[in-house]
Amino acid sequence: MASKPGILSDWPWKPLGSFKYMILAPWAIQNTYSYMFKADEKERDLFHFLILPLLLLRFLHNQIWITLSRYRTTKGNNRILDRGLEFDQVDRERNWDDQILLNGILLYVVSKTVKRASNLPLWRADGVVITILLHVGPVEFLYYWLHRALHHHFLYSRYHSHHHSSIVTEPITSVIHPFAEHLAYFVLFATPILTTLFTGTVSIASYTGYITFIDFMNNMGHCNFELVPIWLFSIFPPLKYLMYTPSFHSLHHTQFRTNYSLFMPIYDYIYGTMDKSSDSLYETSLKREEEVPDVVHLTHLTTPESIYHLRLGFASLASKPHTSSIWYLWLMWPVTMWTMMLAWIYGRTFVVERHRFDKLRLQTWSIPKYKFQYSLQWQNQFINGLIEEAILEAEEKGVKVLSLGLLNQSEELNRYGRLYVEKNPKLKVKLVDGSSLAVAVVLNNIPKGTTQVLLRGKLTKVAYALALALCQKGIQVATVNEDEYLKLNKSLTANLSCASKLVLSKCSSQKIWLVGDELSDEEQLKASKGTTFIPFSQFPPKKLRKDCFYHYTPAMVPPTSLENLHSCENWLPRRVMSAWRIAGMVHALEGWNEHECGNNDTISNNIEKIWEAALQHGFQPIMNFN
């Protein structure tokens, strides 16, 4: 919101929330029905029918730019600004589709009230030429002076400051304006369309082409990476007066009083508002190489719809904890299935996000595999191959630490990561599975004074380490499954005093439950009222009980100095990171020169060590329940 919001700042349909799209439903349904089922050719208007598909294509066009821009800025090559985004910018820009909705409404109104807007031809060359001339002439000139007027303190504080709240721009930043400002832009950009409409030269091609051009140039100019090749200006030098670049407009967002032009910088040259560093920033950005991270967090997709929750997916979804209760994602199953096929065909690790903390450059890489595939034995070899490829790529790039994240939680898959160390004994990159910090977080989540806990769920490296640590503290560890009891008891046989603290319980009355994967619904229902469920795996249990308490999965709150944190890690809340992810950062910050993966031998010795190191570097425990 602007610093002093003026009249008509809010969009009229703001109270409708996600139901705002229903505004278009009556027109869309009526036009589709008329075209598909009316026998009279006069009532079957192709342009009216195409309005909805054209709006949907604009949504897709913008989303492609969002994904491309976020991917490229994460990799770092040709990046313009190093500053990161924050959650407040994501929230401010989440309704970027309002301008498409506004255009749709006005287009439907015009098509129903103006006779000339019916039965448009597919193509008219004169209309295309008129549209181009009107944009190059009046539109560019008038926009320049409108833009300068919007930087006058009266209008800037009431309207345009909302747009300039985003210093580091993304493609969708281009359309983030108050409602009144968008109306002014609509009148300006409608000039070529209305002129061709009332002169009878408009066509479907001229309208669609012009709107697509506006979207393309807007999105391109607000990317935080330079993509216009220098050879274009070498072949035709005057082009620098006729086409702007992302670095050109980036200077407008950092300097505020320069580079006002829309798409053609010629007016900044004419009126002396051209930023003197435009050329140097352009050249510097083009020369910038891909960023080499110090720490890589390796993860994978969870559910099929988790692709939308990635930072590269839907920005608004990525900024919220992952939930399966978003109804409209079910309508996107065809797209979801297509992305699953693409992940299967592509079959390579891809960069998801980047951060900076202290002097460390951090990246997250994702394996194009879903959680359910890790339980398929016939997929093990292929998954291990992908993980090993990622490790060797990190080794080649000079990465210091690679955090295995979700990828190592199985003895059967890769012996908790030890497989990769044995196959590549000369690895310089240190593999960290994060088990020690995960155990430390769970131990510190257990309320003081607890004398007994119930351990349930699939037994993993973390579960065995927790049982040992709790028994060493004199806390009784109970399990209701005989097979699990025998496995845990076997792991504690070296320490008789610890083994005595392990019991096979016939009831589930314990108030503290440590739970992992494969906890059944029936087991949860057996818990007594007021039970606290503390997960020790990366996947949280279902929240079946309203009379019980659920902790987050092992995680901590990073320091505010950690930059570019504007998406949620799976189901964790904002500005919270999993213990497995943080462990890799701490390992690099401390300069530890050994792997942390494989068997349990060193976990008990590392728990206190890594916990204290995490606290010293500013990571804090989560104090509240989920």
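The largest cavity in this predicted model holds about 280 Å³ of space. It is one of seven cavities of 30 Å³ or more in the structure. So who lines it? There are 20 lining residues, and Thr299, Leu310, Cys568, Glu569 and Asn570 are the ones nearest the centre of the largest cavity. Strand 1 has the largest share, with three residues.

| Site | Nonpolar residues | Polar residues | Charged residues |
|---|---|---|---|
| Lining of the largest cavity | five nonpolar | eleven polar | four charged |
| Contact of helix 5 with helix 8 | five nonpolar | four polar | no charged |

On to that helix pair. Helix 5 (residues 125–150) and helix 8 (residues 204–221) have axes that come within 9 Å and cross at roughly 35°. The crossing of helix 5 and helix 8 is right-handed. From helix 5, the residues taking part are Gly127, Val128, Thr131, His135 and Val139, and they meet Ser206, Tyr210, Phe213 and Ile214 of helix 8.

Last stop, the rings. How many aromatic pairs does the structure hold? The count is 31 aromatic pairs. One of them joins Tyr244 and Phe263 in a tilted arrangement, at 5.6 Å centre to centre with 55° between the planes. This pair links distant parts of the chain, its two residues being 19 residues apart. Tyr244 sits in the loop between helix 10 (239–242) and helix 11 (246–255), while Phe263 is in the loop between helix 11 and helix 12 (266–270).

Terms used:
Residues are numbered from 1 along each chain as its sequence is written. This is a predicted model: local features need pLDDT of at least 70, side-chain atom pairs count only at pLDDT 80 or more; totals for chains, interfaces and linings use all residues. Side-chain values use heavy atoms; hydrogens and water are left out. Axes are lines fitted to C-alpha atoms, for helices over the stretch in contact, and angles run from 0 to 180 degrees between N-to-C directions. Helices (H or I, at least four residues) and strands (E, at least two) are DSSP runs, numbered from the N terminus. A crossing is left-handed if the near helix is turned anticlockwise from the far one by less than a right angle, and right-handed if clockwise. Contact means heavy atoms within 4.5 Å. Ala, Val, Leu, Ile, Met, Phe, Trp, Tyr, Cys and Pro count as nonpolar, Asp, Glu, Lys and Arg as charged, and the others, Gly among them, as polar. On a 1 Å grid over the protein atoms alone, a cavity is a set of points where a 1.4 Å probe fits but cannot get out, and a pocket is an open set with protein on both sides within 12 Å along at least five of seven lines; lining residues have an atom within 4 Å of a point. Grid points are joined across faces, edges and corners, and a volume is the space filled by probe spheres set on the points. Rings of Phe, Tyr and Trp (its six-membered ring) pair if their centres lie within 6.5 Å; planes under 30 degrees apart count as stacked, over 60 as edge-to-face and the rest as tilted.
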